[in-house]
Amino acid sequence: MPKPAVHTPQPAPESPNLVVLLPDPGKTTAGRAVVSNDKGSVELNEAGAAVLVSSGQPPRAVSIESQAVQRKFADALASLPAPPEHFVLFFRFDSEELTDESRRLVQQVLVAVKQRPDPEVVAIGHTDTTGAAAKNIELGLRRANAVRAILIDAGLASAAVAVRSHGEATLLVHTADNVFEPRNRRVEITVR
Amino acid sequence: MGRIIRLWVFACACATAATPALAQQPAPAGRIKVVAGEAVVVRGGNTVPAQNGFVVFASDNLRTGKDGRVGVTLSDDTQVSIGPNSEVRLDSFLYEPGQGQLALVLKFIRGTAAYVSGQIAKLAPDAVRLETPAAIVGVRGTTLAVEVTD
């Protein structure tokens, strides 16, 4: 929008936008946000901090009671989906067989899946750096598919589980090539 | 941004060489997880009723009527929800961390919204831009509530 070259009295602010920083899910602390436009910027760095800004006006920090925030945003906040959950299952060397410890963790994955009305799972297979990279892509995929089979056996629709493999490209523990590392033999699972 | 564009062009070139048909098709950005009352997805001028499990793409708008609300989870774990008489646009979304393609632009058009940051904000905070009509919000691992008054 072209701006007048000469300063004229500003009209009363219209359509103010309100931005409120909230605690992160399951925490009492908040991240950070910066609200800016070409007139200025305001940083929000604690839970409950708020900024009002209108077009063509600098953003300004305002205080707003948490009850007012809860009231104003009740419907929007109530519509946030359940937070995604993450799991890591580990596998035996050069195998799509779970370690004993991870076998026990499978139950928690199933609980997370069953709590959701419309679950969606992504399983990404990984390997350590032992062996050829191309072979490890295949091994990672076999591991992800092993997890998929467990979930489908437990009743999840096959279309709800996506599998991928990163092979040895995304290491949990950074190592040189051809290093035997149990913590890199894994499937990372996201349940949404 | 330069890096993202360069990588994107590179990735497109590779993808085109391998699978020309796939390169044209945008990847799903996320799914509707919560819906109540009057809520629609606006895609290229068409309006589709919002439903649980509905797949959303970049360039989609979510819009609610007077009793509507809707919540989505994107594939990088970002969550966005809106209350009644509200609209938000998923202006752009790219989440291919393996190829360094990360971008999220949300436009809060009107009404009330909540935003919970996901992996893109964690991996590349500068790749996230939240826009309201009067300002731009940059985030560092953040949960926000946003209101745009008509």
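The legends below describe close-up views of a predicted model. Local features require pLDDT of at least 70 and side-chain atom pairs pLDDT 80 or more, whereas totals for chains, interfaces and linings use all residues. Residues are numbered from 1 along each chain as its sequence is written, chains are lettered from A in the order in which they are written, and side-chain values use heavy atoms, with hydrogens and water left out.

**View 1. The interface of chain B and chain A.** In this interface, 45 residues of chain B are in contact with 38 residues of chain A (contact: heavy atoms within 4.5 Å). The two chains bury about 3,200 Å² between them, with 54% of that area on carbon and sulfur atoms; buried area is the accessible area (1.4 Å probe) that two parts lose on being put together, summed over both.

**View 2. Polar and charged links between the chains.** There are 26 residue pairs in polar contact between chain B and chain A, both residues being at pLDDT 80 or more. A polar contact is a pair of N or O atoms within 3.5 Å; within protein, one must be able to donate a hydrogen and the other to accept it, and residues adjacent in sequence count only if both atoms are side-chain atoms. The interface also holds 4 salt bridges (a side-chain nitrogen of Lys or Arg within 4 Å of a carboxyl oxygen of Asp or Glu). Glu147(B) forms a salt bridge with Lys72(A), with the closest N and O atoms 3.1 Å apart.

View 3. Strand β2 of chain A (residues 32-37) runs antiparallel to β11(B), joined by 5 bridges. Strands are DSSP runs (E, at least two residues), as helices are (H or I, at least four), numbered from the N terminus; two strands pair if DSSP finds at least two bridges between them. Within this pairing, Ala33(A) stands opposite Val139(B).

**View 4. The partners of β1(B).** Strand β1(B) pairs with β6(B) in the antiparallel sense over 6 bridges, and Val35(B) has Val70(B) as its bridge partner in β6(B). Strand β4 of chain B (residues 55-56) is also antiparallel to β1(B), through 2 bridges; here Arg31(B) lies opposite Val55(B).

**View 5. The aromatic pair of chain A.** The whole structure has 1 aromatic pair over all chains. The ring centres of Phe93(A) and Phe180(A) are 4.9 Å apart and the planes stand at 45°, so the pair is tilted. Rings of Phe, Tyr and Trp (its six-membered ring) pair if their centres lie within 6.5 Å; planes under 30 degrees apart count as stacked, over 60 as edge-to-face and the rest as tilted.
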